[in-house]
Amino acid sequence: MKYKIMINVKKLNTQELKDLATKIREKIVSVVSKNGGHLSSPLGAVELIIAMHYVFDVKKDAFIFDVSHQAYAHKLLTDRWDEFDSLRTFNGISGFTNPNESKYDYFVAGHSSTALSIGVGVCKASIINKSDKKAICLIGDGSMSAGMVYEALNELGDKSYPLIFILNDNEMSISKPIGAISRHLSQLLAGSGYQRLKKWVNKITRNMPTSIQYLTKKFDKWLKLITPGVIFEELGIDYIGPIDGHNIEHLIKSFELAKKINAPVVIHTQTIKGKGYKYSEKCDGSWHGVAPFEEESGKAISTTKIKNATNIFSDYLLELANKHKDIVGVTAAMPSGTGMSKLISQMPDRFFDVGIAEQHAVSSFASMAKEGLRPFVVIYSTFLQRAYDQIIHDVCIMSLPVIFIIDRAGIVGADGETHQGAFDVAFLRVVPNIILLAPRDNQSLKNSLDFAYTCDKPCAIRFPRGNFILEDNHFENLEFKVAKAQMLVNNNSDISLIGYGNGVGKAYEVSLLLKNKVNIIDMKFIKPIDKDFLKELSKTSTKWFVFSDNAKISGVASAILETLAYLEITNILVKSFEYEDDFIPHGDSSIVEKHLRIDSDSISKLIN
């Protein structure tokens, strides 16, 4: 079966819709097995998305996904079936919704817990524009751990905007049905009969004595207490469910009912992560995002025994935590990706996963620092953006010794523009009291952790996804000392290659391609910066080329230029090979670097 145009699911009968769900799952597994990508979440959401397309109008309504790695089926239904083979490749289909890719993708959605706020905005705009556009939000239960959801729910219940909120409960983390009575009541409350009865009772009791109104409301609340919808009902939002998220007939009936309710409504669906693929249905989290694998066996195609930077960090932090009982740590819904799973498992009273709650993670660990502990806050670069106010207000103003471990710094590859770790240097460098440092290889990563443990101020350590470019201990690894750079290669050259973090490895690669002998420097710290070192370097070298995997604006070269200006040194040429002022597309990291002309070969030609 091939589809080259929009698939009109409204013309299909129930059996054809079920067959389509099977074909979609086969397509998703086939493509992800070759390209890698998210797997268990999109497989679990297939029937939900088919039912959305069946009941609502994707050409007119706003389909909002949270997070949109669930939306593979949506992409396949909206004229991208054949293009789907290019998923997450350079110039191919994105792994998330993106309006630049398709007019049917309403919003960019790579970070979680934004959909309800976006949906509320759609509802407000529809009122102002006198439009009948509907906002339909499909939200995974994991996104419910972030406070932004409840900010939106608060306004939604207060203003009664007619937003349709489909809760994809694929971990049963919101609640579990309580026995047979609950199941029957859930079916009753999901039916149109109950909704009509509720409206009729509210209408006829409106002018009755308050005691009658009180009793009817109490009875309704008693029913809701036995089912999981009480939190939504208390916020003034109608609740339907729980519904079997893989029963297309029940989904369509529930969506049709919600469509008729001119008020905010939650449809609570329960799904199985990884549905339809036997290996991912046994998902323990390892099938959430996967590298290419053999479809028949489920085994990874390529495995490596080389420890990446995350593994090195995880193992060494565990070693430090066994030695120092005051070390504590937190991550925000990324225990596996950040290497924190092992520590949480072995020391559950000291290491925590707080869910998608970066702001809470930072603030709660700021107070732990005040109580004399040594907190490690371990978050991807892209997600640390979500806690910026807490970094400033709750940590840095009081100069509390919180240690920020910034994983996935730099280009992360196939996840693309919503996940690139490009901005942490820029947004942290302007904050007073924080120390910024970056290791260049595995051993220097360990050394940076040793330094951070003894540091009496906030500090942030960044390192890349995967492996460092530089082999371990290729250059002598010295201890980290505040604001002390290290000359790695001194050829008394007029040309100096200045690296920061993984940029040191790039500088070394470029040096091997250059005809001239050059100096190689590891800045180690970018805040505070080593002014004395730069002053001395300027006496013998006047052409400086800067390497670091972060945005150019307010980046490493900017810090160096600011220092030269402060020192009133004006004869130095500074050229940055950091990221230009643009969002970086998805694709294999090496291909993306060539596209941006910041690969070693392109840079060496520019310098020559």
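Two residues are in contact when they have heavy atoms within 4.5 Å of each other. With that in hand, welcome to this predicted model. Among contacts in the protein chain between residues at least 6 apart in sequence, 75% join residues at least 24 apart. The chain has 608 residues, of which 56% count as buried, and it contains 23 helices and 19 strands. It exposes about 26,700 Å², with carbon and sulfur atoms supplying 52% of that area.

Let us turn to the interior. In soluble globular proteins, nonpolar side chains tend to be buried together. Here, the largest nonpolar core has 54 residues, and those with the most contacts inside it are Ile24, Ile28, Leu39, Ile50, Ile166 and Phe255. Helix H1 (residues 14-35) gives the most to this core, with eight residues. Apart from this core lies another, of 48 residues, including Tyr380 and Val546. Leaving aside residues up to four places away in sequence, Ile28 touches Leu39, Pro42, Leu43, Val46, Tyr72, Ala73, Leu76 and Phe84.

Now for the rings. The count comes to 19 aromatic pairs. One of them, Phe165 with Phe232, is edge-to-face, at 5.9 Å centre to centre and 85° between the planes. Phe165 lies in strand S4 (residues 164-169) and Phe232 in helix H10 (residues 230-234), so the pair ties together parts that are 67 residues apart in sequence. Both Phe165 and Phe232 are buried. Elsewhere, Tyr277, Tyr279, Trp287 and Phe293 form one aromatic cluster.

Charged side chains also lie over ring faces:

| Charged residue | Ring | Distance from ring centre |
|---|---|---|
| Arg374 | Tyr453 | 5.7 Å |
| Lys531 | Tyr566 | 5.5 Å |

How values were computed. Residues numbered from 1 in each chain as written. Predicted model: local features only at pLDDT ≥ 70, side-chain atom pairs only at ≥ 80, totals over all residues. Heavy atoms only, no water. Helix = DSSP H or I, 4+ residues; strand = E, 2+ residues; numbered from the N terminus. Buried < 20%, exposed > 50% of the residue type's maximum accessible area, 1.4 Å probe, protein only. Areas by Shrake-Rupley, 256 points an atom, 1.4 Å probe, with all protein chains shown as cover. Core = buried A, V, L, I, M, F, W, Y, C linked by side-chain atoms within 4.5 Å. Phe/Tyr/Trp six-rings, centres within 6.5 Å; stacked < 30°, edge-to-face > 60°. Lys NZ or Arg CZ within 6 Å of the ring centre and 35° of its normal.
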